[in-house]
Amino acid sequence: TPARGARGLLARLAADAPSARLAVVALVFVVWEILGHTVFDKDFISPPSAIALALPRVLKDPAILWALALSFYQLVVAFVLALIGGVLIGAAVGLKRFATKSLLPLILLAYSIPQVTILPLFVLWFGVDSASKIAFGVSHGVFPVILNVIRSEEHTSELQSRGLISY
């Protein structure tokens, strides 16, 4: 019966998480394609097939390629700065118990501020060019790195921590 076949398919997907994830993504694309041709305004939400057909033409435009390269540059610079800053701050805070107990709440407080609310400050401080985008990216990436370094310090032995401090 069809119901038994559907139950069997669901049982197989539940047992195989990667296949289930792939099935959900495929289902989203199928629904998007159908709605893109029937319900959605094609100028507002294009179906995936239209996007796939337009992609080669769009990627031939030098202005688009320049914008993609600039965005990738900004992403890499922000990531590297967040990584370096996060490791340095996290190590400084995480190596000493007093620093962890006193500064971790302040770091968590700063991390809890919604990033969108401080975006206008970045634009005022750094302007509209790459600097504000890089600074905004750093503000997004530095906190997870800091917290991971602090937590990793909690799981290292005293001997390892002393060796790191003396190095």
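How many helices and how many strands are there in the protein chain?

1. The protein chain holds 8 helices and 0 strands, where helices (H or I, at least four residues) and strands (E, at least two) are DSSP runs numbered from the N terminus. Read from the N terminus on, the elements run α-α-α-α-α-α-α-α.

2. This is a predicted model, in which local features need pLDDT of at least 70 and side-chain atom pairs count only at pLDDT 80 or more, while totals for chains, interfaces and linings use all residues. Residues are numbered from 1 along each chain as its sequence is written, and side-chain values use heavy atoms, with hydrogens and water left out.

3. Of the 167 residues in the protein chain, 20% are buried, with buried meaning under 20% relative accessible area, exposed over 50%, and partly exposed in between (1.4 Å probe, protein chains only). Among contacts (heavy atoms within 4.5 Å) with a separation of 6 or more, 58% are between residues 24 or more positions apart. The accessible surface comes to about 12300 Å², of which 74% belongs to carbon and sulfur atoms; the areas come from the Shrake-Rupley method with a 1.4 Å probe, and for residues only the protein chains shown count as cover.

4. The buried residues of H5 are Ala 99, Thr 100, Leu 104 and Ile 107, and what covers them includes H4 and helix H7 (130–154).

5. Helix H6 (residues 115–126) has 12 residues and reaches 16 Å from its first C-alpha to its last, close to the 16 Å expected at 1.5 Å a residue. H6 is followed by Gly 127, whose phi is positive, near 90°.

6. Ile 84 is placed in helix H4 (residues 62–94) and counts as partly exposed because its relative accessibility is 47%.

7. His 37 lies in helix H2 (residues 17–38) and counts as partly exposed, because its relative accessibility is 43%. Leaving aside neighbours within four places in sequence, His 37 is in contact with Lys 42, Pro 47 and Ser 49. His 37 and Ala 50, 13 residues apart in sequence, are 9.9 Å apart in space, C-alpha to C-alpha.

How values were computed. Expected span 1.5 Å × (residues − 1).
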